[in-house]
2 protein chains.
Amino acid sequence: MVNDNFFMNLALQEAWKYQGITYPNPAVGAVIVDKNGKILSISAHKKQGTPHAELNATKEAYLALRGDDYLRDLTDPSQIHSYLLQNHNNLFKNCKIYVTLEPCNHFGSTPPCSLLLLTLGFSEVIIGSVEENPKAVGGINRLKQNGMKVRYGVLKEKCDLLLYPFKKWQRDRFVFFKIATNLNGSYDTGTISSQGSREYVHKLRDKIDLLIIGGDTVRKDRPLLDSRLIDGKAPDILIYSKQKIFDKSIALFGIKDRKVFISNSLDITKNYNFIMIEGGDKMLKATKSITNWYLFFIAPTIKKGSFMTTPLSFKPLYRQDIEGDTMIWLDKII
Amino acid sequence: MVNDNFFMNLALQEAWKYQGITYPNPAVGAVIVDKNGKILSISAHKKQGTPHAELNATKEAYLALRGDDYLRDLTDPSQIHSYLLQNHNNLFKNCKIYVTLEPCNHFGSTPPCSLLLLTLGFSEVIIGSVEENPKAVGGINRLKQNGMKVRYGVLKEKCDLLLYPFKKWQRDRFVFFKIATNLNGSYDTGTISSQGSREYVHKLRDKIDLLIIGGDTVRKDRPLLDSRLIDGKAPDILIYSKQKIFDKSIALFGIKDRKVFISNSLDITKNYNFIMIEGGDKMLKATKSITNWYLFFIAPTIKKGSFMTTPLSFKPLYRQDIEGDTMIWLDKII
């Protein structure tokens with residue numbers, strides 16, 4: 001059935017591709033459908049400082065309707081916003097827009113999306129989650145006060161789950177455990193993941209403010225733990241270890257402007273908002289109580305190795321193919 | 001980008017949901033898009049004796065355009081076909097249909113789909129794979145000879161992969177290895193899979209003509225190996241075992257009209273066309289050379305148990321959520 005849920009699901013799937021990478025912004029997806037029910041665009045917010053989902057979707061829909069090289073090359077959100085306000089020519093007059101989150105109503109790095117949607121004259125805005133961020137709240141009210149048809153709560157539960165990390169890191173901190181395994185579960189078999197998966201992990205390392213890693217891994221692998229594959233930053237490190245002495249020629253110690261903590265306590269996590277844990281079974285067990293979500297990269301290979309055995313139950317939230325790997329975000333079931 | 005590939009992908013994803021279950025027919029998906037680009041239906045062939053993908057998609061599109069209780073309740077393919085021929089009212093005059101496989105051109109359990117598409121006046125038929133089954137071939141020619149716009153080869157590689165089991169069991173035999181594991185790879189931990197996954201396996205058992213199982217599993221689990229969850233049939237069994245003596249009170253022996261072979265040779269597989277292997281690491285190794293594809297059901301749980309270690313590399317073909325489990329079809333890379 002091609003209905004509201006179908007379109008909202010397309011927006012959700014697109015948004016999930018950038019989960020974590022939008023930090024400190026939320027992952028948001030948007031779909032634009034014209035008056036005849038044709039899908040014009042499926043887009044998402046991809047990174048802080050780049051267009052919100054609504055603006056990206058509007059730009060893409062505009063380009064689908066009119067080849068416009070000038071607009072195509074614009075990357076600055078404010079410029080795209082202005083260009084669309086000036087050149088929309090009522091193209092969106094009877095279009096609907098599906099957004100996983102209530103459109104923002106404040107001037108941040110972009111002008112408010114509520115203004116964009118009003119000016120372009122969308123016939124209806126269909127929303128998943130309602131914004132709770134006091135800085136961004138009010139989009140629905142502004143739209144309604146200006147006579148726009150608004151519905152919200154479509155696939156609310158799924159849209160709220162997509163938004164969970166954002167709400168969590170706004171309140172205190174969002175912590176996830178990342179692990180790469182083979183299809184049979186072995187995880188200590190050298191390089192496991194596809195290039196695409198490793199780049200995704202580096203995109204995450206570029207966004208997190210603390211990376212937790214086990215002392216054994218540091219001693220054995222002597223890792224750098226930066227995000228060189230995407231020319232990103234190197235996060236602060238907590239080496240979780242009872243034994244406090246490490247060979248300081250290990251690569252990760254050589255990076256400037258990075259704090260490295262060595263501790264067998266997780267207390268330092270209280271000073272951070274977006275934390276990734278990388279490790280195997282031992283770390284899985286040690287960090288169980290502070291971890292919100294899990295991120296698995298499962299390579300399509302069977303190899304001999306070590307396996308996890310720490311009992312845990314999950315609820316899968318999203319799956320994606322990355323060059324043959326199965327990437328899965330999972331919620332923990334307590 | 002919402003283009004041909006987007007619509008063909010929707011058809012592909014829908015068809016994969018019934019992979020194996022359409023035996024002896026191929027898995028086929030179809031999507032109908034109206035003259036304005038609105039998706040009217042996304043459907044598939046679901047089971048032998050039920051409508052082909054094109055007929056299902058046309059029925060669903062008709063119902064989306066007109067609430068028609070009479071048509072809704074029809075299940076017989078010939079009756080649906082006739083009803084649509086008589087009542088289409090040019091509803092499909094300018095619609096496009098995307099089909100993963102060339103429409104059939106012969107009278108089988110349904111009248112030819114090529115006739116349906118011609119009579120209803122679709123403006124264009126976009127096809128993935130070209131039919132090689134001599135009995136069904138000719139759909140494209142018939143459509144073209146009658147002046148219909150036809151394109152083929154859209155996402156050809158993906159459509160050919162969807163079709164691979166069908167081609168293989170037509171030529172000689174298609175063999176797949178099914179295993180249920182936990183997220184950490186353990187597989188001998190009692191009931192692992194969701195109810196939905198187990199029902200899917202029973203739907204497959206209802207279709208296969210031979211089930212291969214290891215002697216150890218038979219002795220230990222004393223299984224029935226039927227398809228009771230869906231009231232289906234019990235396939236013939238090959239117990240792969242050197243030791244030929246089994247307690248005949250084990251459930252699987254108690255089913256009438258089922259052949260049970262006990263052998264440490266796989267030669268008997270030559271007499272069958274659609275074969276499922278169920279087992280663990282030992283069977284994985286023993287059947288590697290005869291297996292075409294693998295089907296994993298991965299439950300979102302970490303549990304202690306045994307693990308596979310037989311080195312193998314795969315190419316994932318399709319992933320699906322079944323009540324929290326991750327179902328993955330994989331091709332073997334030699």
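Which residue in β4(A) is the bridge partner of A:Lys96? In this predicted model, the partner of A:Lys96 is A:Glu124.

Strands β3 (residues 96-101) and β4 (residues 124-129) of chain A run parallel and are joined by five bridges. Both belong to an open sheet of five strands in chain A, ordered β2-β1-β3-β4-β5, with mixed pairing. At the edges of this sheet lie β2 (39-44) and β5 (149-152) of chain A, each of which pairs on one side only. From one strand to the next, the twist averages 15 degrees. Helix α7 (residues 156-171) of chain A packs on the sheet and touches β3 and β4 of chain A. The direction of this helix makes about 65 degrees with that of β4(A).

**The interface between chain B and chain A**

The size of an interface is often given as the accessible area lost when the parts come together. Here the area buried between chain B and chain A is about 3000 Å², and carbon and sulfur atoms give 68% of it. On the chain B side, B:Leu183, B:Ile302 and B:Arg319 lose the most area to chain A, together 22% of what that side buries. The main values for the interface are listed below.

| Item, chain B and chain A | Value |
|---|---|
| Residues of chain B in contact with chain A | 34 residues |
| Residues of chain A in contact with chain B | 34 residues |
| Salt bridges | two salt bridges |
| Polar contacts (both residues at pLDDT 80 or more) | 14 residue pairs |

Several elements of chain B each supply at least two residues of the side that touches chain A: α1 (4-16), β2 (39-44), β11 (293-299), β12 (301-302), β13 (312-322) and β14 (325-333). The largest share of that side, six residues, comes from β13(B). By class, the side of chain B that touches chain A has 19 nonpolar, ten polar and five charged residues.

Strand pairing also crosses between the chains. Strand β12 (residues 301-302) of chain A pairs with β13(B) in the antiparallel sense, over two bridges. Within this pairing, A:Ile302 has B:Leu312 as its bridge partner in β13(B).

Notes:
Residues numbered from 1 in each chain as written. Chains lettered and ligands numbered in written order. Predicted model: local features only at pLDDT ≥ 70, side-chain atom pairs only at ≥ 80, totals over all residues. Heavy atoms only, no water. Pairing = 2+ DSSP bridges. Helix = DSSP H or I, 4+ residues; strand = E, 2+ residues; numbered from the N terminus. Axes fitted to C-alpha atoms, helices over the stretch in contact; angles between N-to-C directions. Contact = heavy atoms within 4.5 Å. Buried area = accessible area lost by both parts, 1.4 Å probe. Salt bridge = Lys/Arg side-chain N within 4 Å of Asp/Glu carboxyl O. Polar contact = N/O pair within 3.5 Å; in protein donor to acceptor, adjacent residues only side chain to side chain. Nonpolar A, V, L, I, M, F, W, Y, C, P; charged D, E, K, R; others polar.
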